[in-house]
Amino acid sequence: MKIKLKIWRQANAADKGGFVVYDLDGVAREMSFLEMLDYLNTTLIQRGGDPVAFEHDCREGICGSCGLFINGRPHGPATQTTTCELRMTKFEDGSTIVIEPFRSRAFPVIRDLIVDRSAMDAIMRAGGFISATAGSAPEANSIPIRRERADEAIEAAACIGCGACVAACPNGSAMLFVSAKVSQLALLPQGRPEAAERVRRMVDKADELGFGHCSNVGACEAECPKGVKIAHIARLNREFVRAAL
Amino acid sequence: MTKLDARIPGGPLADKWANHKNSVHLVNPANRAKLDIILVGTGLAGASAASSLGELGYNVKVFCFQDTPRRAHSVAAQGGINAAKNYKNDGDSVYRLFYDIIKGGDYRAREANVYRAAEVSNQTIDQMVAAGVPFAREYSGYLDNRSFGGVQVSRTFYAKGLTGQQCLLGAYSGLIRQAAMGKVTVYPRRDVLEIVVVDGQARGIIVRNLVTGAIERHSGHAVVLATGGYGTIYYLSTLAVGSKATAAWAAHRKGAFFANPSFVQIHPTSLPQLNDFQSKLTLMSESLRNDGRIWVPKQKGDKRHPNTIPEDERDYYLERRYPTFGNLVPRDVASRAAKERCDAGYGVGDTGLSVYLDFGGAIQKQGKKSIEAKYGNLFEMYFKLTGSNPYEEPMRIYPAGHYTMGGLWVDYNLMTTIPGLFSIGESNFSDHGANRLGAGSLMQCSGDGYFILPVTIGDYLSDKIKVPRMPVDGPEFVSAEKDARDKLDRLMAVDGKQTVASFHKRLGKIMWDDCGMVRNEAGLTRALGAIADLKQEFWRDVKVPGRQDQVNQELEKAVKVADFMELGQLLCRDALARKESCGAHFREESQTPEGEAKRIDSEYSHVSVWEYRGEGVEPVLHKEPLVFENVEIKERSYK
């Protein structure tokens, strides 16, 4: 395959940045998207150029490191697929592929396609936990949980913290990410004692960090690589109202 | 050899940990705030340790190379975590879990450590459930268990195929809670390049800030490495591509002995390598072997579609060779059996280097829905990566480099041969002998982090409460920083023609061919020479572009591969020195007539412990004898 790549290059946070176009020949359809970028970087290095910086680690769709905005969509054209799981079979020979970093006021660019997503850690720090100090836990089976409830909790808990929901949202809202944790812990009896405090603090923190508000656009759900449902935002809203009462 | 005192407490096996806890020195809660602990790595071991140590009141400085602690590769463990709860009433107990691990490790692990790991496993499950880890439930609302390879009970807790992710996020939530309370400070995007030793004690680290390129010095009263394994030495492996041995190797160079480096687990159920650009091999959980049956055609080179090959023309070779355990034999056994069939010409797929893992029968018997409930997300992942639908045709799998049982040598307190330097989780060697059983890794990592290290490190720190915080301008910090800078300068200065990845690929091929699933003297000797040549070529012709004072991912990779060149040689030396087969270490010269691993207990019932003596100098081999007082040593048979 021969493709044209239009890639966002930016030396550092202070740099203005801009698109650079690369013609890449010899791309194999069997490559993963990141292997295609590896290949581009090899050719750049061999020509004395500077390789494109991008983030990745597990390359099996679970660590949440990778996250590229490909042809206008976070993680590219395949549904429920992370960038690292994306294959070049999804692209036609001769096509142009535009690659940008995840864009959000809360995600400053570090270099090229790498952004700083530490704001998501800050939200978690505000309340994304159960205060279960090691040593104090009761016998595990003393807390029975209805199977359907546990299944629902794990659907929320499957969030990998990649930030695609933020990049997809026209408001730059992190609400799907916040709701995944709020919902998981609200569904479990262990999480109830801190539920009110948790939802208030996490939502406040997201506001404070410059994430936008949710206006029910639904782009987050459509682009979430793990299929986290917008219904969790509904649960978050219920929890939020309940906490205010 | 006083340095190799394992400090195993006295008393009967079942009482050792309790006795030890009763006799260690404690640190007064008010004094803990005066003590700083540096913790490197935020996988399940590191995150759970950070959480527990923060709760106790220590100041914990946590370092990871990722952008956030939540991404460490524990996140990718799929199948489960073991505990001896006996919820299934199938005769399980702490002793049986201990016994299974010792046997699974082919009698090359330390009894006392393994027993303790089994003992704390139950408490770990309690802790995880309390922290909100959504383990699978039965309709009753109670926790579900499933069985895993190498054992005959069901003791594995799981959360779909996301067990590692859920356990890690549980530990991460404990970590960030402590961060919120100011007890844990997280330093992400840092690579640890050197360990600083002052007056014979680990007192700090030198790190490279991966965003600015700045070299930073950090000091503490103790240093803990929770840096995971080095399976990426094979280039292609099931690990995250960022996994590395840099911090562990830095510790080794500073005097921490390295134990059983050649004990590497080759996992039987990975996706096969399909082409030369491939950057990683994806694991398919071992839990699939509960319902999936492994087979190859009985006829060599049979190119028919698997669905059209009739039942009596299929060779279910694991069930044939191991009727008792069948598809649930331990990983090393399953991997070698797959290699044997493929080498003999029965492999399937274009390359002939894969075997079938078939759910046809299970779907017929249990229904698609039931299989989907158990393995849905794994099937989905397989479909995404291969375009083949495992509900309709068998998966194709092949063994891949996975887990390293070897690692830094530690005593019962999880302390290395450098006082004050601890190693927990996969980065140490202690619990899995020559082969780890499935669902044992999450168990060990969380046990080490939540419950064991917090006790043993307190014992070490108990006489340090009057030791003031160390300024980072002492001569040891200065010289360690200089070593780190020199290495980076040297890598940049080569300015050759070949990329770092091309060297890594070549090293990986040498390791896979000659120090992988099957080893022999000729191959290992050849590999030692080949790595030495490759290392020279690397330092003569590697190309690291860009600058040091910015994000430079090629430089990060170059540091990693430079370490792997040295570690690779140590693996080969270790494999060469152990002329027996045991667990995952299979020496062709030592096998039974049926081709099973043959141990030589009279000569090799020890841990091989290597001491670094300088670059280019032969390392020294020490031996920690293994004493078995509570299990009868037998031939390890799964037939």
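Predicted model: local features only at pLDDT ≥ 70, side-chain atom pairs only at ≥ 80, totals over all residues.
Residues are numbered from 1 along each chain as its sequence is written, and chains are lettered from A in the order in which they are written.

Helices are DSSP runs (H or I, at least four residues), numbered from the N terminus. Of the 20 residues of H5(B), 17 are buried, meaning that 20 or more other C-beta atoms, placed from the backbone, lie within 10 Å of the residue's own. Just after H5(B), B:Gly132 has a positive phi of about 95°.

The contact between the chains takes 65 residues from chain B and 62 residues from chain A, two residues being in contact if their C-beta atoms, placed from the backbone, lie within 7 Å. Among the helices of chain B that each supply at least two residues to this side are the following.

| Helix of chain B | Residues |
|---|---|
| H3 | 44-56 |
| H5 | 111-130 |
| H6 | 163-180 |
| H16 | 553-577 |

H6(B) gives the most to the side of chain B that touches chain A, with nine residues.

Elsewhere in chain B, H14 (residues 500-514) and H15 (residues 521-541) pack at an angle of about 175°, their axes 9 Å apart. The two helices are therefore roughly antiparallel, a term for angles over 145 degrees.

Notes:
Axes fitted to C-alpha atoms, helices over the stretch in contact; angles between N-to-C directions. Parallel < 35°, antiparallel > 145°, perpendicular 65-115°, else oblique. Buried ≥ 20, exposed ≤ 12 C-beta atoms within 10 Å, placed from the backbone.
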